Every structure is written in C-alpha cells, then in structure tokens.
Number of protein chains: 2
Amino acid sequence: MVQPLRILGIDPGSRITGFGIIDVVGGNHYYVASGCIKTLPGDELAGRIGVIVENIGGLIRQYRPRQAAVEQVFVNANPAATLMLGQARGAALAALVVQGLPVYEYTALQVKQAVVGHGKAAKEQVQHMVVGMLGLSGTPQPDAADGLAVALTHALRNRGLAGRLNPNGLTVKGGRFHEI
Amino acid sequence: MVQPLRILGIDPGSRITGFGIIDVVGGNHYYVASGCIKTLPGDELAGRIGVIVENIGGLIRQYRPRQAAVEQVFVNANPAATLMLGQARGAALAALVVQGLPVYEYTALQVKQAVVGHGKAAKEQVQHMVVGMLGLSGTPQPDAADGLAVALTHALRNRGLAGRLNPNGLTVKGGRFHEI
C-alpha cells in the first residue's frame, strides 16, 4: 500500500491566512481540510503573529502534513501594508520551519498555471478548478481555495516525484551566529 | 533579595538580527549577553527564517528572559526590501511568541530618546551610551548595541515599574479560526 503524501498549502495574508491540506496518492489528490486563520485588525502585532503561529502549529499537530507549500506574495504599493504582509508571511514560515516541515514556495503565476492552465486566471477560476480537482461538494472561501491551490500546485509540479522529492526541502542550511 | 528582571532586546533586520540581554535590579542594569544572528544572503528564504527562529529559540532556552522588547522597523523605499525585512521581523516575533514571551515594541525614536536623550542621535552615540550604561569593556557591534539599546529602553521607560508591568505583555488575544 502506498503511503499518501500529505501537503499543507498556505496562502499568507496580512489579515487572512488561507490553508488547505490534501493527500496525494500517485496521480490522485484527496481533500483533507481547508480554512482560514483570521487575525483581529484591532489587535497588537504580537497578538496577530501569535494567532498565525499557534493556529498553524495546531494544524500541523492535528493533521501531521509531511511537506508545506507556501504562496509567494506580491509587494504592495503601500509600504506599510507590504511590511505587515511580510511580517504575517514571516510568522507563517516560522511556524512551519519550527515544526521541522520542509517548505516549498510557489508564485501566484505558478499556482494559476498549475491549477487553471494559464497565468491570467481570475480568483473564481482557481476556486472552480480546486472544487473540480478535489471533487468538493461546495466552494471553499477564496483564501482557503488558494491554500488548497498551492498544495495542489506542489503536487502537480512534482507529479510522480513524491518519492524522489528532497525530504528535507528548504530547511535550515546554516547561517552564522555570533555572540560578542 | 530582589529577583532580577531579565529582558531580551531584539533589533530585527533582513540580513542581521541584533540581540541584547540585560538584567534589571531596581534602577540598575547589568549586561548578560549580546550579539547578532546573521543569515546567509544566498540561502533560500525558509532557511533564513529558520536561522532566525532557531537562534532566538536557543537564546530563550539558554538565558530564560522574562520579557522581550523589539524595535519597530522603518519601511524602505524598495518594496522588495520592505517585504524581506517584514518577513524577518515576523519570524523574530513568532520565535518570541511561540515561547510564550511577552513582547513590547518600541520605535527607533523611542530607543534614541531613552538611551541618548534625543531622537536624532547617530548610531555611534547609541553604541557609546550602551557601553557607558552597562559598564562594558568594549564596544558591541552596531546591531548588538541596538539589541541592548531596545532592552535598556524597555527598562528605562518602565523604571520602578518592573513589578507592575503586565506580565502577559502583548500575548495572543484571540483571533478567529475557521475550518470550512
């Protein structure tokens, strides 16, 4: 029996972090869970970071994915919004890395090309394709659909390679640490 | 005997994260440790995030600070640099929050005002004041000095209030978590 490869997909956002979890068995993909982590806009930054980190940690403990796929984000015209988005994405990546999960990154263009077939797809087309590919009975909320889409992208771009993927992904490679 | 309040100060940066640890006993401040966490520019983002998270986690386990003070960062004219800085800062905050440490934030202006006495101080003046206030025998590297400076800022702005500080700081306040 083939052990399914469970993938956690994350679409980071400054207010809403979408997630989707799928199982891959050969060329087949099965829905496991999806949803979104919403931070309260009035909350202090540390509190919002905490919500992201604790909920992603909870998902990993509950569903035990083996790999993570994270969507790359666009820089925004508003520098403060870009900084906030960066902080939320950094917290999401930290939550994955701290649990030892290998992380793979995909651009929005790669996600659309993998799931819809071309890079100019609208959000609704991504949702529609996710519903079809996973045989869902309802349409996930857009951020949850994006979480599922990036997980599917990882599966599709490595089709048949599941066993050959570097099991360590992009884990910590070193860096320098000095005390003075 | 008064229990010292141990503060971990963090100055986040996209390539170098400075840190400084001090003990506060009444109105006196004692140097404990300082240094910097450097990520390798050629590394994948997840690897760089991992270096930050794992080293801050290691500092907390080794030195057991009770509170954390983190410098707020400026948005940069370059959006990609701002996004990277945000991601590094988000990872640093995540590393503190995941260990249950209360986090307090201070702007660069607040740090300069607290440590030097005015907001237009140069980096060298901050280093010089940190050396004097902590009775150091050498001058810390600039990022390490900034880590010590933000820890000192937290101590000075709450002078005599150590026992009255909200021990929970800015911990997680809630947020919403939905599965669909």
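This is a predicted model: local features need pLDDT of at least 70, side-chain atom pairs count only at pLDDT 80 or more; totals for chains, interfaces and linings use all residues.
**View 1. Chain A and its order of elements.** Chain A holds five helices and six strands. Read from the N terminus, the elements follow the order β-β-β-α-β-α-β-α-α-α-β. Of the 180 residues in chain A, 54% are buried. Among contacts in chain A with a separation of 6 or more, 60% are between residues 24 or more positions apart.

**View 2. Helix α1 of chain A, residues 45–63.** Helix α1(A) has 19 residues, and at 1.5 Å a residue these should span 27 Å. Burial is the rule along α1(A), with 15 of the 19 residues buried, so that the helix is mostly covered when buried is taken as under 20% relative accessible area. After α1(A) comes A:R64, a residue with a positive phi.

**View 3. Arg64 in both chains.** A:R64 sits in the loop between α1 and β4 of chain A. Its phi is near 50°, which is positive although the residue is not glycine. Most residues other than glycine have a negative phi. A:R64 has a relative accessibility of 63%, and because the cut-off for exposed is over 50%, A:R64 counts as exposed. In chain B, B:R64 is likewise placed in the loop between α1 (45–63) and β4 (67–71). The phi of B:R64 is near 50°, again a positive value in a residue other than glycine. B:R64 is exposed, with a relative accessible area of 63%.

**View 4. The annotated binding-site positions A:D11 and A:D143.** An unreviewed UniProt entry places the feature "binding site" at A:D11 and A:D143. The two positions span 133 residues in sequence, yet their C-alpha atoms are not more than 6.8 Å apart, so they gather at one spot. Both A:D11 and A:D143 belong to the lining of the largest pocket. A:D11 is part of strand β1 (residues 5–11) of chain A, whereas A:D143 is part of helix α5 (residues 142–157) of chain A.

**View 5. Surroundings of A:D11 and A:D143.** A:D11 is buried, at a relative accessible area of 9%. Leaving out residues up to four places away in sequence, A:D11 touches A:I16, A:T17, A:G18, A:E71, A:D143, A:D146 and A:G147. A:D143 has a relative accessibility of 16% and also counts as buried, because the cut-off for buried is under 20%. With residues up to four places away again left out, A:D143 touches A:D11, A:I16, A:G18, A:F19 and A:C36.

**View 6. Strands β4 and β5 of chain A.** Strand β4 (residues 67–71) and β5(A) pair in the parallel sense, with four bridges between them. Opposite A:A69 stands A:Y104 of β5(A). In strand β5 (residues 103–106), A:V103 and A:E105 point one way, while A:Y104 and A:Y106 point the other way. All four of these residues are buried. In a regular strand the side chains alternate between the two faces of the sheet.

**View 7. The largest nonpolar core, seen around B:L96.** This core has 58 residues. The residues with the most contacts inside the core are A:I56, A:L96, B:I56 and B:L96. Apart from neighbours within four places in sequence, B:L96 is in contact with B:L8, B:I10, B:I56, B:I60, B:A68, B:V70, B:L101 and B:V103.

**View 8. B:H29 in strand β3 of chain B.** Strand β3 of chain B covers residues 28–38 and includes B:H29. B:H29 is buried, with a relative accessible area of 13%. Neighbours within four places in sequence aside, B:H29 is in contact with B:D23, B:V24, B:M133, B:L134, B:L152, B:A155 and B:L156.

**View 9. A:G119 in the loop between α3 and α4 of chain A.** A:G119 belongs to the loop that lies between α3 (108–115) and α4 (123–134). A relative accessible area of 24% makes A:G119 partly exposed. A:G119 and A:A108 are eleven residues apart in sequence, and their C-alpha atoms are 8.0 Å apart. Beyond its neighbours within four places in sequence, A:G119 is in contact with A:L109, A:K112 and A:Q113.

How values were computed. Residues are numbered from 1 along each chain as its sequence is written. Chains are lettered from A and ligands numbered from 1 in the order in which they are written. Side-chain values use heavy atoms; hydrogens and water are left out. Helices (H or I, at least four residues) and strands (E, at least two) are DSSP runs, numbered from the N terminus. The expected span of a helix is 1.5 Å times one less than its number of residues. Buried means under 20% relative accessible area, exposed over 50%, partly exposed in between (1.4 Å probe, protein chains only). UniProt positions are given in the numbering used here, feature names are shortened, and annotations may be inferred rather than shown by experiment. On a 1 Å grid over the protein atoms alone, a cavity is a set of points where a 1.4 Å probe fits but cannot get out, and a pocket is an open set with protein on both sides within 12 Å along at least five of seven lines; lining residues have an atom within 4 Å of a point. Contact means heavy atoms within 4.5 Å. A nonpolar core is a set of buried Ala, Val, Leu, Ile, Met, Phe, Trp, Tyr and Cys residues joined through side-chain atoms within 4.5 Å. Two strands pair if DSSP finds at least two bridges between them.
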